[in-house]
Structure formats: C-alpha cells, structure tokens
There are 2 protein chains.
Amino acid sequence: MRITNPHLKPGQKQVIIVGGGFGGVHAAKELANRDDLQVVLIDQRNYHLFQPLLYQVASAALNPSDIAVPIRGIFTKFQNISVHLGRVEKVNLKERTITGGSGEQLSYDYLILACGVRHSYFGKPAWENFAPGLKTLEQATEIRRRILSAFELAENEPDPAKQKALLTFVIVGAGPTGVELAGAIAEIATKVLVDDFRNIKPETATVLLLEMGPRALTMFAEDLSRQAAKDLKDLGVELRTGVKVDSIDEKGVVCGDTRIESPNVFWAAGVEADEISKSLGVELDRAGRIVIGPDLSIPGHPEVFVSGDLAHLEIDGKVMPGLAQFAIQTGKFAAKNIKFSMKSQPRKTFKYNDKGQMATIGKRKAVLQTKSIKMHGYFAWLAWLLVHLLSLVGFRNKMTVLTEWFWSYVFSKRGARLITQKEWRFGKDLGPTPTPLAAPAPLSVQPAAKA
Amino acid sequence: MRITNPHLKPGQKQVIIVGGGFGGVHAAKELANRDDLQVVLIDQRNYHLFQPLLYQVASAALNPSDIAVPIRGIFTKFQNISVHLGRVEKVNLKERTITGGSGEQLSYDYLILACGVRHSYFGKPAWENFAPGLKTLEQATEIRRRILSAFELAENEPDPAKQKALLTFVIVGAGPTGVELAGAIAEIATKVLVDDFRNIKPETATVLLLEMGPRALTMFAEDLSRQAAKDLKDLGVELRTGVKVDSIDEKGVVCGDTRIESPNVFWAAGVEADEISKSLGVELDRAGRIVIGPDLSIPGHPEVFVSGDLAHLEIDGKVMPGLAQFAIQTGKFAAKNIKFSMKSQPRKTFKYNDKGQMATIGKRKAVLQTKSIKMHGYFAWLAWLLVHLLSLVGFRNKMTVLTEWFWSYVFSKRGARLITQKEWRFGKDLGPTPTPLAAPAPLSVQPAAKA
C-alpha cells in the first residue's frame with residue numbers, strides 16, 4: 001500500500017524526517033513555515049527527550065517529564081509539519097519510500113535519518129537483562145527502581161554477604177554517562193538516603209566504575225581526566241581502569257580472575273546504530289552508523305541525509321563525536337542543504353562548530369573542555385548547569401528543572417524517589433513485580449549486619 | 001520462622017502498622033518519639049501516595065512524584081519507627097503475628113490495619129483488562145498512556161468508524177473520581193491537544209460518564225449534584241445516569257441494548273477490601289471491610305485496630321465514608337487509644353469530625369459540601385485548590401504541584417504528556433509495547449475523516 005500525503009499540494013515536495021531527537025527536531029524547525037515543503041516527522045515515542053540529563057532521572061533527581069516534551073507541542077503552530085507516532089521499519093532508497101510497522105509505504109522527495117543509536121553489548125545481548133543501559137526514559141526509571149530497591153532489600157537482608165552484594169553498584173564504562181551515573185549513585189548513598197534506614201548504613205555502599213581503557217573520560221584531555229578521577233574518589237566512587245568485563249549474570253560481574261558480587265550492574269559502554277541502517281544497503285561503519293559525505297547526504301543518494309549519532313562523518317580524518325551539539329548542527333545543516341537544492345543552488349559543506357564537552361561529577365564538580373578552555377571544579381559545574389538549563393526545550397521544563405535542582409542542592413533530597421513497577425499487572429496491581437532482582441522484600445526486622 | 005524485632009528494648013511494646021496511606025502514616029506520627037513503643041510500618045510501596053490527586057496524574061497534569069513521597073523520608077528523624085517494604089500476607093489474631101511474603105512471622109502487641117481498598121468489578125475481574133481503575137500510580141500512568149495513545153492512533157486511522165471509537169472515552173461510575181477524570185479528559189481534548197493534530201480534531205472527542213444510580217455524586221446534596229451535571233455538560237461530558245454496564249471487552253461497553261464502541265474505558269465504580277481482611281476470620285461487610293467497634297478495634301481483639309477505607313464503622317446507624325479525612329482521623333485515634341491502653345487508662349470512643357467533601361469539575365469549577373456550607377463554581381474550586389495543596393505531604397510537593405497548576409492554568413498545557421511503555425522489554429526497548437489497544441501506529445498520512 002503506497003500512500004501519498006493528502007496534505008501535499010501541487011508543486012510541494014515531501015520531506016520525511018525519521019527520529020524526534022536533537023537532529024530531527026532541529027531539522028524540522030529549519031523547514032517550518034515554507035509553502036514549498038510538507039514535512040512529516042516520525043518517531044516511535046510521542047516525546048522529544050533531552051538525553052544528556054537522563055542519568056538524573058535514573059538517579060531520582062528529576063522526573064521523566066522534566067526532560068521530555070511532546071513532539072507535537074513543539075510544532076503546533078507550523079502547519080506544514082505533521083508529527084506521526086510510529087516505527088519506520090525500512091527505507092527503499094531506489095523507490096524513495098519508507099515502510100512502516102504495518103507494511104504501508106510513504107514516498108519522499110527528501111529524507112533525513114536521525115534515529116540515533118542504542119546500547120551495544122559487544123555481541124552479548126543477554127547481558128542487557130542484568131545490566132540495563134541508559135538511552136530511554138523506561139531504562140532510566142528501571143535503573144532508578146533497581147537502585148532504590150537495592151537499599152530496601154539490603155535493609156531486610158539477614159545474610160551479611162548478600163547484604164554487601166546488594167549495597168554494591170557497578171557501572172560499566174567511564175564515559176560521561178558512566179561517570180555522571182556513578183557520581184549520582186554515590187551521592188544517593190552518602191547524602192540522600194543517610195539516616196533513612198535502621199538496619200543498614202547506606203553510606204557504606206560500594207560504587208564501582210569499570211573502564212576498559214586506561215582512564216575515565218578518554219575524550220577529554222589527560223589532566224581533566226585525572227581531575228575527574230580524583231573528584232570521583234572524593235565522592236566515594238572506586239574507578240578501576242584497564243578492566244575488561246568477561247561476563248555478567250544476575251548476581252554479579254566477572255572481570256578476568258575477579259568476581260564482583262552485585263545485582264546492581266548498569267551499562268554505559270558502547271553503542272550501535274538503529275537497525276534501520278542495515279536496510280539501506282550502503283556503507284556502514286563497525287557500529288552500523290551510516291557513512292555520509294561532506295554535504296551530510298549518503299554518497300550516490302543526494303536526497304537522503306543522516307544527522308546526529310546515526311551518522312559516520314569524517315572531517316580532516318577525524319570521526320565526528322556522538323554529541324548533542326553535533327546532532328543539532330547536522331540536523332539544521334541537512335535542512336539548509338535541502339533548501340539550497342529546492343532553489344537549485346549548490347549545497348554547502350558541513351563544518352563542525354566544536355562547542356566543547358563537559359561532564360559533571362556529583363553535585364558541585366564538573367570537567368569542561370573546549371578548543372580554548374579547560375576547566376574543572378565548581379565553576380565548571382556552574383557552567384554545566386547553565387548550559388544544560390538553557391538547552392532544555394520549553395520554558396516549562398527549564399522552570400521545573402531549576403526548581404528541582406534548587407531543592408536538591410539546598411536540602412540534599414531527591415524529588416523522584418519512587419519505586420514504580422516494571423509492568424502494570426492486570427488483576428495483580430497491588431504488589432511489586434517479583435523478579436530475581438527485586439523479589440518481594442522479606443518482611444523482617446533484622447539486626448544490622450556489620451558491613 | 002518467628003522473628004522478634006531486635007530494636008525492641010525490655011519493657012517496650014511492638015506496634016505494627018500495615019499500610020502507608022493516610023491512616024498508617026498519621027497513626028505512626030502519633031506514636032513517634034516514644035520510649036515505650038517500637039513501631040514497624042509495612043507497605044508494599046516505598047511511597048505514601050496522595051490519592052485524591054491521582055486523577056491528575058492519569059490526565060497528564062501532574063507527575064507521579066508530585067503526589068508521592070518516600071515513606072522513609074517522613075520518618076527519618078523518629079528512631080522508634082522503622083519502615084519496611086514488603087507485603088503482609090496474613091494476620092494470625094490468636095498468636096498475634098503477621099506473616100510476610102516469604103513466610104516469616106513478626107509478633108505484635110498492637111496492630112493497626114490500614115491497607116485500604118482496591119477496585120471491585122462486581123464479580124467480573126476480567127473487565128480490569130479493558131477498564132483499568134484508578135487506585136495506584138501504575139494505573140494512573142497506564143490510563144494516561146491509553147488516553148494519549150488514543151489520540152495518536154486516531155490521527156493515523158483511515159477508517160472513520162474506528163477513528164470515532166478511538167476518540168470515544170467512557171468512564172464507568174460518577175463518584176468524585178469518575179467526575180474528576182471525565183472532566184479532565186474533556187479538557188485534554190478541548191484545550192490541551194487542540195491544534196496539535198493535522199488529521200483529527202481532538203475537540204470532537206466524546207466523553208461519556210456512565211452511572212448506575214439516578215445521579216452523579218450521590219453522596220452530595222441533590223442541588224449540588226445537579227450543578228455538577230450542568231458543569232460537566234458545559235465541559236462536553238455526556239452524563240448518562242441509570243445505566244448498568246452489562247459487559248466490557250477490548251473494543252467497547254454494552255449497557256442493555258446499547259453498545260458503545262470505545263477501546264478507552266476507565267473504571268471508577270465500586271471497591272472491595274484488601275485481601276488481608278479475609279485471613280482474619282472476623283466479621284466483614286459485603287465489600288470485605290472489617291467491622292470495628294467504637295474504639296476502632298475489632299470486637300474481641302482490643303489490640304487490633306482498623307483505620308480508613310478498610311474499616312466498616314457505623315456511627316448512629318450511618319456507615320462512615322471512604323474519605324481521606326476519615327482515614328487520617330481513625331489513624332490518629334487508633335494510635336491515641338493505644339497510648340491510653342499503655343497508660344492503663346480507658347479508651348475513648350471515636351467521633352467523626354465531618355469536614356465535608358468536594359469534587360472538582362474541570363479547571364475552574366467544583367462542588368463543596370460541609371455540614372453548614374454548600375458551594376459550587378469558581379470559589380468552590382479555589383477552596384478545593386487550597387485544601388488539596390495544604391494537605392499534600394511535604395513542602396517540596398506543595399511547591400512543584402503549585403508550579404504545575406499555575407502553568408497549566410495559565411497556558412492550558414499539560415506538563416506530563418508522556419506515553420511511556422507498559423513494560424520495559426529487554427532487548428526491545430525501542431518500540432511501544434504492542435497491545436490490542438496501542439499497536440504500533442500505522443505510519444501513514446491520512447485524509448481527515450469527517451467525525
């Protein structure tokens with residue numbers, strides 16, 4: 001079933017954007033209010049997610065809706081933009097159609113692929129059961145559930161060894177996400193939950209950050225990386241570098257000769273492209289990302305652009321990073337090149353405006369690096385705060401996040417400390433889901449074990 | 001396995017409170033900071049839920065964490081109170097023990113049962129699949145998911161009949177919850193989502209409120225009930241009284257000769273007691289609630305009290321209502337009677353201080369009734385606002401709810417318009433859960449059907 005957009009007027013071109021993340025939303029905005037284009041933006045979620053703050057949802061500091069806005073709401077006023085909730089299964093480059101979940105096809109004149117990446121478990125997909133990653137809101141609330149449940153289960157656990165395991169948290173991968181999550185968990189243990197338990201001391205929890213490479217935050221300069229390691233140590237995070245994870249099961253992690261007992265393992269290492277890339281039959285890199293040319297289009301397919309994490313773009317021999325800034329800039333630029341083509345003007349070559357990168361470590365520290373600045377400590381953290389607040393889409397989100405942060409900064413409390421269920425079970429909505437990791441807590445009052 | 005609380009000092013009595021709702025939390029607060037008592041508060045959730053505002057989570061106005069606070073956080077400072085996450089399976093009145101999910105037993109000297117009620121489907125538990133109720137946070141986010149998904153699916157639906165069904169919302173039961181939910185859904189359709197869609201007009205949605213009795217809000221005076229019906233009509237809600245639901249399936253509702261096509265049915269009719277009451281072997285009412293005496297204890301068991309929705313208490317021949325006020329007052333009073341018994345003083349007889357009741361209808365109307373006042377309209381709504389805001393536990397929740405309400409009042413937008421998944425699927429975290437009610441939306445751009 002092939003469909004033509006009924007809103008399409010004679011002479012108008014059809015642009016399809018797949019993905020409502022940074023790249024897709026900025027591309028659509030760039031194409032808003034034009035008479036010669038109809039834009040259809042397709043996403044499988046109804047919201048645009050501000051991924052850089054996802055770890056704060058996972059660590060109970062923010063609410064899901066603080067970092068997500070309905071995509072429809074962004075484009076209410078732009079009549080040439082329609083938003084569709086659905087999944088694009090494949091792209092037929094030859095026929096210039098995309099195929100949806102029910103087999104229906106929609107034609108395009110221009111296509112922007114901006115559907116990002118997901119976690120990769122180095123060929124061990126089973127690990128995902130035991131070590132969820134942090135790319136979606138559901139994963140974030142699942143990680144939050146696991147962190148908070150671990151303390152509750154430890155409070156009720158009579159066996160000291162099991163209690164110690166429950167109070168051990170392992171984060172695999174010391175990139176920005178891993179560093180930020182580890183810092184946040186350490187703060188939950190040492191500041192947020194302190195005094196709330198009677199049988200355990202949350203501040204005795206162990207937070208391990210495992211990194212295969214020689215240091216944390218490898219994309220930063222070495223001295224900043226060293227500083228971050230020091231800040232992590234001060235927070236109580238134990239960073240272990242040069243450590244390869246050999247296996248993960250529901251009770252722990254094995255790295256070489258060492259077994260770490262912990263049901264609380266989180267994954268922040270490695271990504272791979274959305275499956276859609278495989279349907280194209282074009283050149284992909286090892287992670288499945290689509291290799292694109294200097295105008296951001298796929299070589300041989302000037303009508304198809306790729307933006308953000310899904311793109312493999314080399315500039316001066318350097319592969320561009322999977323950062324929000326890159327997604328925003330490529331999204332806008334692809335849209336601009338479409339406009340040049342509409343006017344039969346030559347396209348331009350994308351240049352990356354490197355605005356730098358930052359990572360926060362706990363509540364008062366961060367590292368920040370641009371072409372000309374290297375910073376760490378409190379002022380870097382303030383800069384981190386400001387940049388993230390200003391980048392949040394929508395005045396409302398800025399306001400609520402500011403309120404939450406202020407609250408959490410002043411009182412060291414977390415606003416979203418809820419253990420919600422993994423699933424809503426019909427007829428059984430009155431109990432926590434029994435899983436090996438969060439079995440109904442044994443109902444007992446135990447003497448505090450010596451940790 | 002019988003356990004004695006290791007924190008229990010010689011001469012101290014053990015109080016167990018089952019349930020961290022209004023009754024349980026207020027009972028525990030009343031017993032805080034006493035040297036002669038150790039209190040264990042057990043709940044299967046880690047949070048205290050402000051149930052009167054649950055419909056606002058279901059209608060995307062508030063976040064789950066706006067109306068929930070961690071129970072532990074309430075009692076951090078009170079060393080004689082421990083909070084336990086777990087489910088109490090049964091009570092042995094003769095041996096004075098409770099039994100937890102793993103078979104372990106804990107003895108009590110005094111017991112307060114405050115574990116509330118759940119929805120009852122009049123002996124048709126299968127209906128719950130098609131018509132979720134509104135008692136828990138998970139149910140609220142599930143209802144939110146269904147409401148928002150219905151509009152998304154309607155936008156993509158080519159068949160006008162199916163589209164009309166998707167844009168039909170049915171609420172069964174016109175008590176306060178049903179009235180409030182119906183009003184909120186009508187506002188979503190007519191104010192929040194307006195202009196966000198291209199193929200449908202959300203404001204053409206039908207909101208049906210079905211009531212078996214002769215009028216809405218039967219517990220209010222007749223003139224207020226009439227006023228509420230008028231306010232509902234103004235909002236676009238169609239109230240049908242004297243209607244008995246004969247069956248519910250995934251595609252609609254049958255009432256006598258009428259079939260209403262709608263996959264969006266929500267249940268706000270009838271409750272039954274928590275299952276624990278059946279394990280007691282004492283007198284229960286038809287809904288399974290425990291019949292208690294004037295001091296709030298179970299006849300023949302002066303050491304066991306019942307508080308809130310779970311209690312069946314008659315005063316002057318009138319059965320007490322399942323309101324937050326009743327739960328708070330009985331929770332406190334049961335605790336006070338325990339203190340009298342500790343001092344070997346005679347117990348007192350519970351008197352209900354009727355502070356009245358209220359229900360809100362949309363964003364600017366409410367009905368309010370106390371012994372001396374009957375009010376409706378804007379000022380009743382302001383009173384509703386004030387009472388609910390002041391009753392919210394914790395300064396932080398007051399602040400964030402006030403912010404959300406202000407936002408929503410001024411801009412007619414909703415802060416929590418997120419369709420989150422029913423479950424987090426390992427290895428498949430990138431798509432909406434396929435269920436008959438929210439199958440992956442067909443990816444198509446359809447001409448707007450005439451509704």
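Which residues of α1(B) are buried? They are B:Phe22, B:Gly23, B:Gly24, B:Val25, B:His26, B:Ala27 and B:Ala28. The model is predicted.

**Helix α1 of chain B**
- Helix α1 of chain B spans residues 22-30 and is mostly covered.
- Of its nine residues, seven are buried.
- An α-helix has 3.6 residues a turn, so residues three or four places apart point the same way.

**Domains of chain A**
- In the domain assignment of chain A, domain 1 consists of 2-44 + 86-120 + 271-342.
- Domain 2 in that assignment consists of 127-269 + 356-411.
- Between the C-alpha centres of domain 1 and domain 2 of chain A there are 33 Å.
- Four residues from domain 1 of chain A and five residues from domain 2 of chain A make up the contact.
- On the side of domain 1 of chain A that touches domain 2 of chain A, two residues are nonpolar, one is polar and one is charged.

**A sheet in chain A**
- An open sheet in chain A is formed by six strands, in the order β6-β3-β2-β10-β22-β21.
- The pairing in this sheet is mixed.
- Its edge strands are β6 (81-85) and β21 (297-298) of chain A, and each of them pairs on one side only.
- Strands of a sheet pair through backbone hydrogen bonds, either parallel or antiparallel.
- Strand β3 of chain A, residues 37-43, pairs with β6(A) in the parallel sense, over five bridges.
- Opposite A:Val40 stands A:Ser82, a residue in β6(A).

Terms used. Residues numbered from 1 in each chain as written. Chains lettered and ligands numbered in written order. Predicted model: local features only at pLDDT ≥ 70, side-chain atom pairs only at ≥ 80, totals over all residues. Buried ≥ 20, exposed ≤ 12 C-beta atoms within 10 Å, placed from the backbone. Helix = DSSP H or I, 4+ residues; strand = E, 2+ residues; numbered from the N terminus. Domains from an automatic or database assignment. Contact = placed C-beta atoms within 7 Å. Nonpolar A, V, L, I, M, F, W, Y, C, P; charged D, E, K, R; others polar. Pairing = 2+ DSSP bridges.
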